[in-house]
Structures are given as structure tokens and as C-alpha cells.
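Here's a quick walk through a model, helix by helix and loop by loop. Keep the 3D view open as you read.

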Amino acid sequence: MDPSLILQAIVSGVLASGLYALVSVGLALAIGVIGIVNFAHGEFFMIGAFLTYTLFVVFGIDPVLAVLFVAPALFLLGAVLYRSTIQHVLSAPELNQMLLTFGIGIVLQNLALLIWGGDPVSIAGIEYRSVGYRFAGISVGLVSLVSFAVSLALVIGLNLALTRTRLGRAMRAVAQNRTGAALVGLEVNRVYLVAFALSALLAGIGGVMIAVIQSPTPTIGLAFTLKAFSITVLAGLGNIRGILAASLVVALSESLVATLVPNGGTLSNAVFFAIIFLALVWRSRRTV
Amino acid sequence: MTAPLSSLLRHTPGCPSFPPLVAKTPLAPFSHSLGGNMKRILTLALASLFAMALAQPVTIGLMSPLTGGAAGTGQAQKAGFELALAEINAAGGVLGAPLEVILEDTQANAEVALAAFEKLMTEDGVSFIAGGYSSGATLGLIQSFKTFQPVIAWIGGAVSGVGIDGFDGIEELLAEDPWFFHVHPWDYQNVEAATNFVSGSGVNSVALLHEDSAFGGPGAAGAQGLLEAAGLTVPIREAFTSTLLGGSGDFRPAISKAQATDADMLYWIGYDSDVVPLIGQVRELGYVPNQIFGAPPGWPSEFAAAPEAQCVTGLIGFLPNLPNPEARTFTDAYTALHGSEPDNYMAALAYATLWMYADAINAAGTADEEAVMEQMRSMTFGSPMGDWSFGQSELTSQQGFGADMWLVFQYQDGVREIVYPLSKATAPLATCR
């Protein structure tokens, strides 16, 4: 096989890992801080994509600028959903929490279907979507490169914020011991609200990117929820630092298998879930 | 989900309303001295009014994927059904009564479709079915079709099974059943249309990329066989998972492999949601074949304005600029009802199918299934694509549209120009290397 094909696969895999990390880190935040598995996380991502599309179609706002509107909108949506729904099931059994978030996902998906219809939508007329730079036979797409850089910056920024800011430390304190954090004067519910809203914001930014890269449909969220959940499991539930490495492993494996194996593009999901399976088995053996 | 189409349409502005059931000619005021003729007229009028009031409305069960990944196609079918229903009822309905429909959501999912079909059979008791989409969902329905045996005019589900060893397709399983009518062309007819275009487009080698479900796999295998039989080389046939079915949307590995073959044409089979990422990544990777030809069921409407769309060619069943008067009439009526031109050819197929039922039942003069099927087998029907009738395909004698339904268009400066067949072309094919 042509070595440039393998190099191309590595570059594509590394670049793809950024978006995976961005979507997964929001989910990890919700799990790590609030302790809730949000199955509507992919729908935040989908709403972000459709808002980007709408801003472009209705107001002619380029997706690069749209992020300035979409991110706060998703933060607000996350905050409202937390106050109106999530907050009330925090002490309920985990199954109830999961069913609630699953229901929220279905509602958001069907709302999107009502508002935007079921057809894939695409942002037309942006010159930079298909721009690629070639070096030594390797092509690097501008959008992939920027989305990787932004995702990396956001994930690292979130990590820094969690360790070096007052709010971040509050989140970690609440995650470690809710009662103890409340006893020392932290407003636990407010910290949860911010964490959940921030999680939605991060998914929304991922949605902006996917609106440029792909043609989103109202059902695009579920696939990303599953992948984000799997990456979160691979990293260790709630382990935000591990998200980058887990995303890289998954994206690189997908890309390499797709390139090296005939018809390997059909195996990407199998590779993805095989990695998760192996990680879970390995972890369970370590803990025995 | 059950959507009461007729109730929606009744309140839709701009939608023609059902004609009044009373005579429009003013009648003389009642008196005790009515003449003999007037008495007869009144008696007849009252009798016909009574008959219309007694006329049992015919109900047709419709099945479309209104939600889920194929919702775009399902919503297009719904839009086509709505227009046909409005027109049929404005023209007097069916057997003297407004046509009624019950629309069920299949989600293009075998289990959901089965529940929807069995509800139509057992709870609603309908005798006529139209709609359908997705070969996988259709295959899951076949046993139940054979149990209930209503009259079925099936729009989707193109996997015939013809030429595929060890796999029974829809045509193979239902070819002998007299109650099954297939409207959409079969997979080999799709491939035949595409291959006719490709082999005549001046290319010598074709790189084939296809999605890996029941839609793309057999289509690509058939295409490879026909292309090679036509003397073209197919240096690569590579599968991917569609974004519609949970694929990652990263087509670069498959495209890079195709690029390495330096084939004249990139021919891909996938779904609507693959169009933007796949073509964008072809451009990004600097792959510039003579032609990029795609065969998804539909194309995102906004894609026409994208710079990377220029010169891309594709297969489609209907376009509003199809040069025939029926297409113009349909497009105008559709635009008046829905506010935009039909984007997905499934709208035109759904429209044609519901009108076919109305015409066949009216011609039969009864809703008796045998009589209606007899009319379906013998009549010629109108459609936005031109006249059509049920005829012979590879295995069944009840096949609606064939390879000649398909058009090849090319994006040229933001417009989908028809470039093949030449008899319907609105512009010549441009080469873009």
C-alpha cells in the first residue's frame, strides 16, 4: 500500500479526534459533576447545528461568527432544561434520570423535525468548506484543521478552568462530595446548573462544526450521543482529562482500519465499539 | 403516528375545497302545484343526494417514514399524497365520496412498519395500501403482506434480489402475488439507467464507492457488472457506512483509495446526508476526476448553491424543470400548496400513486379489490413524469416505473440541468477536469 495513504489516514484520524473530544467532554462534565448520564447530549449538538444553519440561511451569518450566538443559546437551553427537568430528578433512581434525558432527547428531536423538517440541511456558499492544503502528498482540510484546533483549545481550556478557577474548583468539590460542598457554603444547585449548561454549550459548538462539515438531520444526535458516551466510558466515567486520549485512540483506529482494510469504512463502528468492549474488559480485570 | 391528512387539508389556505353536494342550478321554490317534470327532477336530485350521503368513502392506508433518519423522504411522500388528495377530492372524490386516507409513520424501520401495517389491517380495516420506503423495512413486512393480502402499490423498496445469490429480494418474494404492485424502479433498473449514462459519457474507468446497506451494496455490485460488460474498467469498489446509518462522515479513506486509482469517474451510491461531506472531502483531497456521479435517493436542496457542487452529476426521478407539461402543472400546484418546489422525487411518486388508486377505483365503479386490480393492470395513468402503467419487469408483471423514469442532472452554476437522456436534456453535459 502507498505509504502516503497511511500517513493520510493518521492525519485524518488525528484531526477527527478533536470533534469527538469536544462532544464527549461535555457529556463527561455532566457525568463527572452532576452524576447524570445525559442521553439528550447529542440533541444539544443537533440543535447547535440547526441554529447555525438557520443563522446562515435567515441572516446570512457565517458559521465562524454564528458560534457567538449558538454557544450562549445552548448555554441558556441547558440552563432552562436543568431548572425545569433535571433538577427534579437528582435524587431519583438512575434509571429515572436516564429515562428523563432520553425523553428530552426525543422531544428535542421531534421539535427539530417540526421546525426544520426531516431533510438533511447544508450550509451552501461557504468557500472554505472544501479548501485543502497538500504537503508531500498529504491533504489537510482547512475546516478539519480549524475544528481540531478549536476543539483542542476548548478541551484544554476546560481542564484548566476546572483546576485553576474558583468555579472549576467548586465543580470538582461538588463532584467529590455534594453534602460536604454544601456544608462549606457552596451553592450546589447553581454549580450543577452551570455545569449542565456548559455541557450543552460545548455540544452546541460541536454542532456549529458539524453544520459546516456535514448535512445534519434532526436524528444526527443519537449517533454522537452513543459515540460520546463510549468515549467517556473509555476515558473513565467523568474523567475529563482522559477524553483527549480516548478520542485520539478511537478516531485513529477508525481511520486506519478504514484505510488499511478493504471496505474498512464499514467497520468503523465495529472498531469503535470493539475498543470500548476491550477497555471495559481490561478495566474489570484490573479491579478484580 | 396517525396524521389526519384530510382534516389538515380542509383548512389549508389555497387548497381547493370539495365541491358542494347540492345542485348548483337554482331550484324553483316549493309549491303545491309542481309540474310533473319538476317533481321528477326533484326526486332524482334527492335520490342522488341520498346516494352520495350513503356512498361509503374509500380509505387508503398510507405508510411513510415521517420521522427518523429517512424522514426527509417520508415528508416528501406525505407532501405528494396531500396534493393528490386535495386534487382528487376537488375533482369529486372517489365513487362519489371524498377519498379518505390514514397515514402511518414507519420510521423506515421494520418493526415500526410492521406495527403500522398491522394496525391498518386490523384496526382500520383498509383494503388499499400505498407508500413504503426502505428495502430493509419492506423485507420485514413481506410475511405480513402475504397474511393480509390487501392491494398494495409500493413506492419504495427497490431491492429485487435479482442476480444476488443466497439472498431473496422483494421482487423475488412477491413476484407471484397478484395483489402486489411495485411503483418505484427496481435496483437493476436504477443501475441500468446509471450505467447507460456512465458508459455513454466518455469515461473509461470508474471508481465505485457505496454505502454498505441493502440499498448501496446490491446497487454497486450490479453497477460493476454492467459497467464491465460495457467495456469500462472498475479499479476499485469500496464500501462505507452512510452518515444516515451512523457512519462517522469521514469518507477520506475511501476517497483516497479511489483517488489512488486515478479513475476517470467517481461513482458513489449513498444517502442524501452523505452528499455534502463526501463531495466536500473529494474537493478537499484534490481529487479531480472527469465526472463525479452520485445516486442518492435525494439531494439536499441547498447543495445547488455550494461551490463544490459545480459539475457534480446525479441520478434523480423527477425535477421541476423536466420538459413536459405534467411536470409544470404538478410543480405549480405543489408550490401553491406547500410553498416550495418539490425537492425529492418521492413526492412525485406518491402523488402519482394516490391518483392511480383514485382513477382505478373510479374506473372500476366499485371498491371491490379484484375489480380495482383489473383496472390497475390495464389502465394508463398520468403522472408528473408522464404517462405510466404497470407492466413487465424481470420477474413481475406489475411493475410501474422502469429505468426510463430516471434523469441524470448536472449542477451547472447553481441549477440542476438535465443532461441525460438527451431527449429530456435541458443542457449539454460539461466535463470538469
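Predicted model: local features only at pLDDT ≥ 70, side-chain atom pairs only at ≥ 80, totals over all residues.

The buried set of α12(B) is made up of Ala327(B), Phe330(B), Ala333(B) and Tyr334(B). Those four sit on the same side of α12(B) because they cover an arc of only 140° around the axis.

What do the buried residues of α12(B) pack against? Their partners are α3 (71-90) and α13 of chain B. As for the helix itself, α12(B) runs over residues 325-338, which is 14 residues. From first C-alpha to last, α12(B) reaches 20 Å, close to the 20 Å expected at 1.5 Å a residue. Just after α12(B) comes Gly339(B), with a positive phi of about 85°.

## Where α13(B) meets α14(B)

Next up are α13 (residues 345-364) and α14 (residues 369-378) of chain B, whose axes come within 8 Å and cross at roughly 115°. The crossing is right-handed. On the α13(B) side, the contact uses Ala360(B), Ile361(B), Ala363(B) and Ala364(B); α14(B) brings Ala371(B), Val372(B), Gln375(B) and Met376(B). Sorted by class, that contact has seven nonpolar residues, one polar residue and no charged ones.

## Chain B as a whole

Zooming out, chain B has 14 helices and 13 strands. Of its 433 residues, 54% count as buried. If you take the contacts in chain B with a separation of 6 or more, 72% of them are between residues 24 or more positions apart.

## Prolines to look at

Pro289(B) is in the loop between α11 (275-284) and β10 (291-294) of chain B. Is Pro289(B) buried or exposed? Pro289(B) has 22 other C-beta atoms within 10 Å, so it counts as buried. The C-alpha atom of Pro289(B) is 9.6 Å from that of Ala207(B), although the two are 82 residues apart along the chain.

The other proline is Pro421(B), in the segment after β13 (415-420) of chain B. For context, most peptide bonds are trans.

Most residues other than glycine have a negative phi. Asp262(B) has a positive one, near 55°, and Asp413(B) has a positive one too, near 50°. Asp262(B) lies in the loop between α10 (252-261) and β9 (265-269) of chain B, while Asp413(B) is in the loop between β12 (407-412) and β13 of chain B.

How many other C-beta atoms lie within 10 Å of each aspartate? Asp262(B) has 11, so it is exposed. Asp413(B) has 10, so it is exposed as well.

## Where the chains touch

The contact between the two chains takes 40 residues from chain A and 41 residues from chain B. On the chain A side, elements supplying at least two residues each are α1 (3-34), α4 (94-116), β1 (132-135), β2 (138-141), α10 (242-260) and α11 (268-287). Which element gives the largest share of that side? That would be α1(A), with five residues.

By class, the side of chain A that touches chain B has eleven nonpolar, 23 polar and six charged residues.

Terms used. Residues numbered from 1 in each chain as written. Chains lettered and ligands numbered in written order. Axes fitted to C-alpha atoms, helices over the stretch in contact; angles between N-to-C directions. Left-handed = near helix turned anticlockwise from the far one by under 90°. Contact = placed C-beta atoms within 7 Å. Nonpolar A, V, L, I, M, F, W, Y, C, P; charged D, E, K, R; others polar. Expected span 1.5 Å × (residues − 1). Buried ≥ 20, exposed ≤ 12 C-beta atoms within 10 Å, placed from the backbone. Arc of directions from axis to C-beta.
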